[in-house]
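Hi everyone, thanks for making time. Please have the model open on your screens, and let's walk through it together.

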Amino acid sequence: MDDAVARRLAAAGLVSPVLDAAAIGADATMRDELDSSLDQLIGAGDVPEQPPFDPRNPS
Amino acid sequence: MNRSIAALGAALRSGETTSRALVEAFLQRRLAVDGRLGSFVSVDPDSALAEADRADLQRAAGTDLGPLHGIPIGVKDIVDVAGYPTRCGSPLYSDAPAATDAEVVTNLRRAGAVVAGKTTTHELACGVVSAPASNPYDTDRVPGGSSGGSAAAVSAGLVPVALGSDTGGSIRIPAALCGIVGLKPTYGLVSVRGVEPLSTSLDHLGPLGSTVLDCAHALDALTGGGARYASGIDGGIAGMRLGVLTDPPFAPMQPDVERSFHAAVSVLEELGATCVPLHIRELDHTLAAEFGIIPLEAFRHHALSLRERPELIDPSIRTLLVAGAVIPESIFRRACKARSVIARAIISAMDGAQLDGLVSPALPATASTKADQDLVYGDVTEHISVSFVRTTAPFNLSGQPAISVPCGTDRDGLPIGLQLSTRAGEDALVLRIAAAFEAATRGSVPPPALYTR
């Protein structure tokens with residue numbers, strides 16, 4: 001498992017062996033597929049925390 | 001007998017039936033079919049009959065609380081109903097009964113509705129299968145999810161309307177697969193107080209009903225009373241402009257779904273609407289935004305269970321929850337930003353083409369078998385959890401009202417749904433468009449084999 005993923009698991013108090021495989025799968029999927037799609041839509045790089053969503057006036 | 005709210009209400013008002021008789025009929029039908037259907041997880045006959053008797057006494061005393069007065073309804077088992085446990089389809093939850101009603105249940109009771117029982121949900125309202133519930137059209141097939149029990153119960157005629165929740169499509173997906181109407185109202189319109197969340201910024205509550213009018217009556221009750229939504233649905237759609245969405249994420253579709261969809265668009269045109277093709281390229285990124293938000297919000301709510309009893313959570317849901325813990329928070333922030341970009345893009349496209357509403361397939365496929373993991377579209381193979389979300393999730397992200405209304409069947413007789421959407425706050429308009437379509441196509445989806453006479 002990636003050290004960063006292991007650190008985040010530990011930081012969240014998730015120490016059960018049944019969670020390790022889930023974490024590896026989740027990390028790989030989320031990073032590769034989501035991040036690249038988000039890059040295409042809003043560009044690379046972090047963004048500030050977003051305000052609560054208002055469907056009549058999405059910020 | 002037509003078992004819509006309107007028909008049952010008329011029978012109640014004329015004295016042809018009583019609320020007690022409706023509840024007794026529900027209990028008998030449930031005994032007859034729910035062993036195969038699995039639509040209800042808990043029913044308290046004494047409580048339901050007592051509520052029915054109270055409604056009958058009120059009516060006898062001259063009190064009429066409106067269209068839902070004395071009508072039995074189902075409530076998805078993530079919504080608190082006093083006296084019933086809220087189990088969320090999960091062994092994580094106790095059998096202890098809720099002490100109080102969720103705000104929506106309070107509103108439904110104020111409108112005179114009788115709680116018939118709690119309906120099956122996919123575990124933690126996080127999936128599109130809703131085991132152990134089955135599809136009334138074919139019990140080897142899924143009813144969809146996560147509000148699968150509510151959809152199966154309405155489709156089989158057990159109750160005319162049931163409450164569901166919708167985070168990525170969980171009202172519209174089972175409604176489409178079970179041949180009924182499912183409305184996801186504007187984000188925030190219906191209270192979620194007393195409801196177990198999945199992803200708070202995407203969760204919506206709404207009705208699944210046998211007709212558009214039933215959903216309108218239910219929405220009136222859910223939002224605190226009056227007839228704001230039911231009173232305006234008869235205006236027709238002549239002169240309206242509707243944008244037709246057929247590009248990804250709405251494509252690819254199964255051939256029978258595509259045929260039914262184009263036939264439905266022709267019906268809308270025959271009713272006087274102008275239908276124009278519309279492409280919103282930002283929607284290509286629907287799933288990234290949707291699945292960039294849900295894991296972190298779901299993890300925040302279920303963190304303790306994940307730490308202490310992870311073995312009690314289905315592996316696929318466990319993976320999603322763990323994702324909320326291990327992926328960088330920057331992905332969540334970026335997904336929230338993407339959500340707003342998508343919502344603005346839809347508004348901009350509608351404004352630019354001067355559209356009143358949007359039309360799309362509710363789902364690209366009909367009900368899969370319980371054994372299916374993937375669906376195939378020509379040379380594209382897709383997991384059902386993607387197939388059954390990609391067409392509905394755009395409107396969870398945008399928060400617009402969206403409704404699935406039956407529009408035909410495939411070659412195996414399985415229902416197909418048409419999805420209609422309008423701008424945020426225009427819930428009455430989406431009901432009006434759906435009602436016009438429904439009136440023009442009534443009977444296009446026959447009742448299921450398990451419909452209880």
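The contact between the chains takes 43 residues from chain B and 36 residues from chain A, where contact means heavy atoms within 4.5 Å. A word on the ground rules: this is a predicted model, local features need pLDDT of at least 70, side-chain atom pairs count only at pLDDT 80 or more, and totals for chains, interfaces and linings use all residues. Residues are numbered from 1 along each chain as its sequence is written, chains are lettered from A and ligands numbered from 1 in the order in which they are written, and side-chain values use heavy atoms, with hydrogens and water left out.

How much area is buried between chain B and chain A? About 3300 Å², with carbon and sulfur atoms giving 71% of that; buried area here is the accessible area (1.4 Å probe) that two parts lose on being put together, summed over both. On the chain B side, the residues that lose the most area to chain A are B:His285, B:Val326 and B:Arg334, together 22% of what that side buries.

B:Arg334 turns up again in a salt bridge with A:Asp39, where the closest N and O atoms are 2.5 Å apart. Between the two chains the count is three salt bridges, each a side-chain nitrogen of Lys or Arg within 4 Å of a carboxyl oxygen of Asp or Glu.

Which elements supply the chain B side? Those giving two or more residues are α9, α10 (315-326), α11 (329-352) and α13 (393-398) of chain B; helices are DSSP runs of H or I with at least four residues, strands are runs of E with at least two, and both are numbered from the N terminus. The largest share, 15 residues, comes from α11(B).

Now look at α9(B), residues 286-308. This helix has 23 residues and reaches 33 Å from its first C-alpha to its last, close to the 33 Å expected at 1.5 Å a residue, the expected span being 1.5 Å times one less than the number of residues. There is also a kink of about 70° centred on B:His302, the bend being the angle between axes fitted to the seven residues ending there and the seven starting there.

Most residues other than glycine have a negative phi, and most peptide bonds are trans. B:Leu124, in the loop between β3 and α5 of chain B, has a positive phi of about 55°. A cis peptide bond joins B:Gly145 and B:Ser146, with omega about 10°. The bond from B:Pro248 to B:Pro249 is cis too, omega near 15°.
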